[in-house]
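Subject: Structure handover

Hello,

Please find the structure below.

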2 protein chains.
Amino acid sequence: MKIINEAILPRGFKANGVSAGLKKSGKLDLALFYSEIPAKASCRFTMNRLQAAPLKVCKDYLKKSRVFQAIIVNSGNANCFTGSSGVRDAIQTTKYVADYLGIKKEAVLVNSTGIIGKMLAIDKIKSAIPDLAQGLSVAGMEKAVRAIMTTDTFTKAITARINIAGKVVTICGTAKGAGMIAPNMATMLAFIFTDANITQKALDKATDVAVNESFNCITVDGCMSTNDTLAVLANGASRNNLIKDGKDFYLFLEALKKVCLELAKMIIKDAEGATKFIEIKVEKAKSFNEARIAALAIANSDLFKTAVYGENPNFGRIAAAVGASGIDIKEEDIKIKVSSLKKKQVFVNVGINRGKSSATVYTSDLTPEYIKINAGYN
Amino acid sequence: MKIINEAILPRGFKANGVSAGLKKSGKLDLALFYSEIPAKASCRFTMNRLQAAPLKVCKDYLKKSRVFQAIIVNSGNANCFTGSSGVRDAIQTTKYVADYLGIKKEAVLVNSTGIIGKMLAIDKIKSAIPDLAQGLSVAGMEKAVRAIMTTDTFTKAITARINIAGKVVTICGTAKGAGMIAPNMATMLAFIFTDANITQKALDKATDVAVNESFNCITVDGCMSTNDTLAVLANGASRNNLIKDGKDFYLFLEALKKVCLELAKMIIKDAEGATKFIEIKVEKAKSFNEARIAALAIANSDLFKTAVYGENPNFGRIAAAVGASGIDIKEEDIKIKVSSLKKKQVFVNVGINRGKSSATVYTSDLTPEYIKINAGYN
């Protein structure tokens, strides 16, 4: 597997980003991703019961068909808690895109990220779409990656290349997210494009595994978003032998996992106000899920996170968080190791002496800067 | 019911506080509460699986008997995550007190609060007990109330007086707690003394109801403590007609609820680094428990708490927190009202259109000062 630390679109994909005027700053705020040929889609959404309007629209379209050609994304407004008007705006957005590209609106996924509870400036989006669509290109991906950012301080993209029986298959992913990050999904958007020729079933399975071990293992503030979406589009343009199972599937899975995990880590590295990148591994659990529950309990403890910020090696707070996680743990079974807190990267290792499974979770410290960013965000 | 905003010990109770040298500051750190006659006890402890050594000892004693005469409490060290040595130290502490007072060690409850994971300086406690016990008096309550404090910035005490068939019954409570506060129990210690003559069954029932609607409805940081303890001692010294049920029981219950609720609110008013006192009422829920779950989801959302700190009326964060609470809620059923955020006291009212029950939860904002306090606490 070859890893490239930037976005290189696979065959058949194009993208672009423009400023539609949704962000007061005038920064790029509307992105379009496009596949010249219909692509199989596998999507995952937040578990929050309050779901943003575009998620409702995507879910509705996904019920009808799993084949898509475009993803339209705006930043600066989440189009959430906006009632039936919000849903109408999201549908309208897919229609504008579809009309311009000459495809069905049901072939367009739509996403929004930004503030909750404000109506979308749909006219601005409508006006921006001709420029956005005309400018679609392979190089346009760089602008698209920037256009999905909100409080992100750097762009997040990565590309993996694998060889499936003599054909090069590319998996290119981009993500945004810096706050309101918690698993199921983390509060974020992630879009992954591949030219792999793969069955829908294999694509869904690979997506499940990859998301579970990456985006579902990160947390910034334990706050579950209303807009989290991950979409994988596979257009088959590399004309590799159809991936179904066996060795080819595992090659694809490993590459997809790598792309997801690296994007997830980038989100944590960009966590709002963070000064530390914290990796928490819980070992000797009864299952991966149990290990992840314990690790997330630590990762979501404000007291633990402030202790790391203060470079204050307070093991008691780690033990207390594990004890509060709901796992039936005994004091004498908890073994804690923590690397030096003076460094930017901190490793926490917790053994719980209950079994053979482990899970690794990524988080950041809780800082006065996080509060400053979120107290003023409006 | 008459309410007095200070600690006035009921008949038959004495208390004292001294400095045993557990706190570096030299402040009072060892408290003793004593009933001249054996008292019925009703206790509640944290749900954290990691339980401090004194809790293990108290639970063991409570299995043998429900009659107690003393509570010994140290601040500055939680005696938690301290293994079998910690348990030995807690037992030893009850023994020193018992020997000096001429009672059984199994009649002494023991508690600790402070840093987790450090061994107790048991010799300092041993040396301090003679002075502590000799100084027991009604007026000594003032020192005892101060000696249980850790990061608390003010003492927390209240007294309620009721009339049971011509006899005055007094209920006097004190509490400590300012951080690591979450329900089940909140991270805190609370000791309540009454001269009521009441059956064990009625005392237990009243304690259950009062705790559920007070200490289990507050949160500072969602971090569940390892030491939370509430103990109610009823010594019967007022010689009122035995309280079992009916009107007398409800009179007693209302007074106990009032004492618990006021102490719980004091803890929130003293929350680490807080600038706001936030009251969150969720209405039209299917049950009290459902309403409380929704209210606590809001109260524990870092994004909501920072928004209140920033006086930033971000309704979307309230809706997102309710949506993430696990309750099967529909967007159109959420109705949110928030009072002016410019004031020190903030009221949040959320209707969820599912039933007729409501619950009120109390919390504080999340501030840079909270982080400063907890980053440096060691």
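**Where the two chains meet**

The contact takes 46 residues from chain A and 45 residues from chain B; two residues are in contact if their C-beta atoms, placed from the backbone, lie within 7 Å. This is a predicted model, in which local features need pLDDT of at least 70 and side-chain atom pairs count only at pLDDT 80 or more, while totals for chains, interfaces and linings use all residues. Residues are numbered from 1 along each chain as its sequence is written, and chains are lettered from A and ligands numbered from 1 in the order in which they are written.

On the side of chain A that touches chain B, α8 (302-309), α9 (315-323) and α10 (368-376) of chain A each supply at least two residues. Helices (H or I, at least four residues) and strands (E, at least two) are DSSP runs, numbered from the N terminus. The largest share of that side, seven residues, comes from α9(A). By class, the side of chain A that touches chain B has 22 nonpolar, 17 polar and seven charged residues. Here Ala, Val, Leu, Ile, Met, Phe, Trp, Tyr, Cys and Pro count as nonpolar, Asp, Glu, Lys and Arg as charged, and the others, Gly among them, as polar.

**Helices α8 and α9**

In chain A, α8(A) and α9(A) pack at an angle of about 160 degrees, with their axes 9 Å apart. Axes are lines fitted to C-alpha atoms, for helices over the stretch in contact, and angles run from 0 to 180 degrees between N-to-C directions. The angle makes α8(A) roughly antiparallel to α9(A) (under 35 degrees counts as roughly parallel, over 145 as roughly antiparallel, 65 to 115 as roughly perpendicular and the rest as oblique). From α8(A), L303(A), F304(A) and A307(A) meet R317(A), I318(A) and A321(A) of α9(A). By class, this contact has five nonpolar, no polar and one charged residues.

In chain B, α8(B) and α9(B) also pack at an angle of about 160 degrees, with axes 9 Å apart. They are therefore roughly antiparallel to each other. L303(B), F304(B) and A307(B) in α8(B) meet R317(B), I318(B) and A321(B) in α9(B).

Eight of the eight residues of α8(A) are buried. A residue is buried if 20 or more other C-beta atoms lie within 10 Å of its own, exposed if 12 or fewer, and partly exposed in between. The cover over the buried residues of α8(A) includes β11 (277-285), α7 (288-299), α9 and β13 (345-351) of chain A, together with α10 (368-376) of chain B. After α8(A) comes E311(A), whose phi is positive, near 50 degrees.

The largest nonpolar core has 260 residues, and V322(A) and V322(B) have the most contacts inside it. Such a core is a set of buried Ala, Val, Leu, Ile, Met, Phe, Trp, Tyr and Cys residues joined through C-beta atoms within 7 Å. Leaving aside neighbours within four places in sequence, V322(B) is in contact with residues including L50(A), A294(B) and I352(B).

Two loop residues are also worked out. K286(A) is in the loop between β11 and α7 of chain A and counts as partly exposed, with 14 C-beta neighbours inside 10 Å. I148(B) is in the loop between α4 (141-147) and β6 (156-164) of chain B; with 30 C-beta neighbours inside 10 Å, I148(B) counts as buried.

Regards
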